Structure formats: structure tokens, C-alpha cells
Amino acid sequence: MSIAIGAGIAVSIAGLGGGVGMGIAGGKAIEAIARQPEVGGDIRTLLFISLAFIETLTIYGLLIAFMLVGKM
Amino acid sequence: MIFGMWDSVLFHLGPIPVDHLVVTQWALVLVLGLFAFMGSRNMQVIPRGMQNGLEMIVEFTYNFFGQVMDEEHIAKKYAPLLSTFFLFIICSNYSGLIPGAAHIQGFQPPTSNWNVTATLALITALTVHYAGFSEHGAHYLGHFISPNPAFLPLNLLEEIAHPLSLTVRLFGNIFGEEMIVAYLLFLAPFFVPTALMGLAVMLGAIQAIVFTLLSASYIAASSGGGH
């Protein structure tokens, strides 16, 4: 029971932080591309790299949740 | 099942157990190799058919990595490795596009097991150090104590964190997506998982791109000037 709650908390807190971060990064990238459309390609590459870094933290939470569920 | 090392060993190759994921990877390598062989067998100056397509891919990757990695000769040297990563990862992500593939042996995507992704990440890590040494020689060791020797543990930790995060990112994404499709299939057997699998097509391609891009930027960082 408590393991299930722990798994839920792990994945939801990780998702919360990652979601806020991704929203800020994506929004800023769209602002930058709207201001200077000619550097869109570079910004898109950088956006993907930074989204990957943000996403890793969320995936760590998901991994912990899977490990907890596996222990149940 | 989840972190099973050898969840179903098919046969032994000497002392090495071979499970169904390894056989799936052999099949993928065979298919990719056949494509490359058919396209490059009897090449002509004026390309036709498959040779045309393959040349387009090669030229695109050279341009793309040249843009990402800044230096032309480094990009040319490592583009074959990086585009092999891309092709292998995208094919193995897509090999799991059957609903409930997580439960059918032989149709699991190999990248949903973290032994496979850890191997790929280790290849990247070794290539990063090889690139650093071959570009800078012994001076490459200096970047471990930059900006000053007190940063040595942090720099070493970073070298471990890079391959670890590459491993966990690819494995976690593909495995998580497989698990969610499997649960949905269990709850509602028909049509409901389709929506999520449309997302899975996009996710597979994005993860392949992200792995390749990050490998490229690590290699560029270790081999480029001014670290």
C-alpha cells in the first residue's frame, strides 16, 4: 500500500517539475523563433538538447516508480 | 520481468547466454546491412534508385553533423558512427510497434531493456575519450582538472553521469511507453491504445534523434578547442 503511494508520489512530483521546466523552455524557444525566424534551426536543435536534459530528471522519477512497483 | 537480466535464454553461444532481444537485434542488423548492401552494390557515377536514396541520407547526415559539431573534419570522422546509432535506435524503437509487444517474445523493442541502451551509451563514452585523445593528445587529461584541481571529482562524476543519463533516458522512455500501452491493452483491448501508439511513433523518432544529438555534442565538446 505505502509502496504504491510512494510510486505515485515519485512519478507525479518528477512530472510536475519536468512539465514546468519544459513549458518554460518551449515557450522561450517559440518566442525566440518568432523574433528571429532565420535562426530557427539552431534554436530547435538547442531546444531538443535542453528538453532531453529536463526529461532525464522526469525519467529518473519514472524509473524509481517502476522499481517500487516491481518490489510490490 | 522488469529488470530481468536474462529473462528467457534461447540458447547458449559458448559461455554467453543468448536471449530473444539479442536475436531481434541480429535481425535488425541484418535488415539494415541488406539495405546498405543492395544500395551500394555496383555503384555508378550517376546514381539511380536505391543508391540515390542512400546518397541523400549520407549527404544529409554529413551536413547535419557538420552544423551541430561546428568542426567539419570531426563531423566527417564521426558521422558514420552517429548515423548508425540513429538508424539502429529508430529501427529497434519501431520494432515494438505492435500492441502488447511488451509481452510477446521477439517483438519487444531491444531498447526497452537497459542492457542494450547501456551498451550504446558505453560506446558513446569510449568514443568521447577517444576523440579527445586523438585531437589533443595528452593535453586532453588537462580538462579533468579545469578550471582548477579541486574540480577533479566533479569532472569525474560528470563523465559517469553522461553515459548513465543516456542509458536511462532511452530505456526509460521506450520501456515506459511499452508498459503504458500494455496496461491500456489490458484495460481496454481494442482501439483505445491506438491513440497512444500514434504518440509512440513520434516518441521513437525523437528519442533516436536525442540520443544521436547528445552523443554528437559530447564528442564535439571533448574534441573541440577551448574546453
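Start by selecting Val31(B), Leu34(B), Phe35(B), Phe37(B), Met38(B) and Met50(B): in this predicted model they make a nonpolar surface patch of about 600 Å². (Patch residues have over 30% relative accessible area and no salt bridge, with nonpolar side chains joined within 5 Å; areas are Shrake-Rupley with a 1.4 Å probe, and only the protein chains shown count as cover.)

Next, color helix α1 of chain B, residues 20–40, which gives the patch five residues, the most of any element. Met50(B) sits in helix α2, residues 50–69. Zoom out and chain B shows six helices and two strands, in the order β-β-α-α-α-α-α-α.

Now bring up the contact (heavy atoms within 4.5 Å): pick 15 residues from chain A and 21 from chain B. The two chains bury about 1,500 Å², 79% of it on carbon and sulfur atoms; that is accessible area lost on being put together, 1.4 Å probe, summed over both. On the chain A side, click Phe48(A), Leu63(A) and Phe66(A), which lose the most area to chain B, together 32% of what that side buries.

Housekeeping: residues count from 1 along each chain, and chains are lettered from A and ligands numbered from 1 as written. Local features need pLDDT of at least 70 and side-chain atom pairs 80 or more, while totals for chains, interfaces and linings use all residues, and side-chain values use heavy atoms, without hydrogens and water.

Methods:
Patches are made of residues with over 30% relative accessible area and no salt bridge: like charges are joined within 9 Å, nonpolar side chains (Val, Leu, Ile, Met, Phe, Trp, Tyr) within 5 Å. A salt bridge is a side-chain nitrogen of Lys or Arg within 4 Å of a carboxyl oxygen of Asp or Glu. Helices (H or I, at least four residues) and strands (E, at least two) are DSSP runs, numbered from the N terminus.
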